[in-house]
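Please look through the following model with its sequence to hand.

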Protein chains: 2
Amino acid sequence: MTRDGLKTEEIGLEDLLCFALYSASNAFSRAYRPMLDQLQITYAQYLVLVTLGAADDLTVGEIGERLFLESNTLTPLLKRLEAAGFVERRRDANDERQVRVRLTERGRAIRGEACRATLTLAEHIPQGLDDMASLRGQVTALRDALTRSATEARNAPPRPPIPAAGL
Amino acid sequence: MTRDGLKTEEIGLEDLLCFALYSASNAFSRAYRPMLDQLQITYAQYLVLVTLGAADDLTVGEIGERLFLESNTLTPLLKRLEAAGFVERRRDANDERQVRVRLTERGRAIRGEACRATLTLAEHIPQGLDDMASLRGQVTALRDALTRSATEARNAPPRPPIPAAGL
DNA sequence: GATCAATCAATCGCACACGATTTAATCGTG
DNA sequence: CACGATTAAATCGTGTGCGATTGATTGATC
């Protein structure tokens with residue numbers, strides 16, 4: 001029995017917070033697609049453009065920190081953005097290991113387009129803005145907790161498992 | 001200016017609810033991985049096993065309804081689960097278009113293992129259970145709103161865009 | 001200042017997600 | 001019964017995510 005009073009055999013998708021997040025994230029990506037298609041960018045590429053709009057000339061690693069992604073995902077994505085003319089990639093002169101990425105004129109324009117398009121999405125969902133800010137905070141806190149516990153797990157021996165509610 | 005008082009140029013990742021969900025969902029998948037690795041299944045496969053545990057002998061389409069996925073994703077995934085001996089796939093005798101999927105003995109056992117492993121994850125995150133249930137409900141409602149608005153968009157002409165807060 | 005460890009990006013392989021199309025089976029209408 | 005329309009699953013191509021490894025550069029220690 002779990003703390004929710006469920007036997008493990010009775011756990012369903014409705015009980016899993018992870019599935020709520022997974023399916024909501026997929027739904028968002030689908031909702032964005034029609035608008036981003038017109039701009040010829042993907043959802044992940046859009047997130048990179050937003051990142052660079054806030055702080056330009058970042059290294060691949062710095063982009064990864066902000067998006068919680070690594071070079072194995074970012075390098076090919078950035079190459080596609082470069083091929084499309086939205087970013088510039090060049091090795092840092094002071095440290096040739098690093099690659100610095102910056103928005104081109106075109107990239108900055110597309111970023112603006114995408115952000116404006118994004119805002120129209122809000123009209124289609126019923127939640128109030130207060131709810132949205134609060135929800136964002138809760139989800140972010142959960143993500144940070146998961147990330148932190150993963151880091152700890154790498155630096156500490158395994159703990160004895162303790163049953164708890166559906167995630 | 002958005003309702004949040006942000007110019008589009010000033011929008012950052014912190015303002016985007018979609019990014020909170022995206023990064024949290026990725027974090028969950030990473031958190032699950034060490035446990036699911038031992039069971040030789042992926043996170044998506046785990047979700048399918050949970051689905052079939054609640055209602056066995058579903059068609060591919062019925063699994064897709066529950067997970068918000070389509071046959072292009074599910075068919076290869078189910079073939080891998082079948083190859084691993086966790087599910088059985090056979091065409092429905094009454095309607096040969098459909099493929100019915102059911103858990104094998106081994107699949108049911110693995111599902112139980114995975115669910116039990118899952119529950120140990122909860123120990124590592126600080127949120128109370130009330131918060132978790134409430135959060136799950138909010139995220140699910142948001143996902144359903146996004147899904148609904150996508151369906152409506154397919155059946156209705158485009159509406160005039162109205163600026164709103166960061167999603 | 002030579003050498004070894006650490007760091008950063010890139011590469012490789014695999015498993016999703018998903019738009020678009022195809023194939024096969026069933027249904028609806030005449 | 002025929003035949004076009006509909007439905008279900010499968011197939012194909014592209015773009016992520018990510019574990020594992022590699023290659024190149026820098027840093028640390030002697």
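The contact between the two protein chains takes 61 residues from chain A and 61 residues from chain B, where two residues are in contact if their C-beta atoms, placed from the backbone, lie within 7 Å. On the side of chain A that touches chain B, at least two residues each come from H1, H2, helix H5 (105-121) and helix H6 (129-155) of chain A. Helices (H or I, at least four residues) and strands (E, at least two) are DSSP runs, numbered from the N terminus. By class, this side of chain A holds 36 nonpolar, 17 polar and eight charged residues. Here Ala, Val, Leu, Ile, Met, Phe, Trp, Tyr, Cys and Pro count as nonpolar, Asp, Glu, Lys and Arg as charged, and the others, Gly among them, as polar.

This is a predicted model, in which local features need pLDDT of at least 70 and side-chain atom pairs count only at pLDDT 80 or more, while totals for chains, interfaces and linings use all residues. Residues are numbered from 1 along each chain as its sequence is written, and chains are lettered from A and ligands numbered from 1 in the order in which they are written. The pLDDT is the predictor's confidence in each residue, from 0 to 100. Chain A averages a pLDDT of 88, and 85% of the residues score at least 70. Over residues 157-164 of chain A the pLDDT is below 50, and this stretch has ten contacts in the model beyond near neighbours in sequence.

How are the two copies related? In general, two copies of a chain are related by a rotation about an axis and a shift along it. Chain A is superposed on chain B by a rotation of 180° with 0.0 Å of shift along its axis, at an RMSD of 0.0 Å. That is the relation of a two-fold axis. The superposition is by least squares on the C-alpha atoms of residues with pLDDT of at least 70 in both copies. Among the residues of chain A, Leu21(A) comes closest to the rotation axis, at 2.9 Å (C-alpha). The copies meet through the same surface, because 100% of the interface residues of chain A are also interface residues in chain B.

Next comes the sheet of chain A. Three strands form an open sheet in the order E1-E3-E2 (chain A), with antiparallel pairing; two strands pair if DSSP finds at least two bridges between them. E1 and E2 of chain A are the edge strands, and each pairs on one side only. Strand E1 (residues 58-59) of chain A joins strand E3 (residues 99-103) of chain A over two bridges, and Thr59(A) has Arg100(A) as its bridge partner. Strand E2 (residues 87-91) of chain A pairs with E3(A) over five bridges. In that pairing Val87(A) stands opposite Leu103(A), and Arg91(A) stands opposite Val99(A).

H4(A) lies across E2 and E3 of chain A, at about 120° to E2(A). Axes are lines fitted to C-alpha atoms, for helices over the stretch in contact, and angles run from 0 to 180 degrees between N-to-C directions.

In chain B, an open sheet of three strands has the order E1-E3-E2, with antiparallel pairing. H4(B) packs on this sheet, touching E2 and E3 of chain B, and its direction makes about 120° with that of E2(B). Leu58(B) stands opposite Val101(B) in E3(B), and Glu88(B) stands opposite Arg102(B).

Which residues come closest to the DNA? Around DNA strand C there are 24 residues, of which the closest are Thr59(A), Gly61(A), Asn72(A), Thr75(A) and Asn72(B). A residue is near a molecule or strand if its C-beta atom, placed from the backbone, lies within 6 Å of it. This surface has five nonpolar, twelve polar and seven charged residues. Helix H1 (17-39), helix H3 (60-67) and helix H4 (71-83) of chain A, together with helix H2 (43-54) and helix H4 (71-83) of chain B, each supply at least two of its residues.

Around DNA strand D there are 25 residues, and Asn72(A), Thr59(B), Gly61(B), Asn72(B) and Thr75(B) come nearest. H4(A) gives the most, with five residues. The surface near DNA strand D divides into six nonpolar, twelve polar and seven charged residues.
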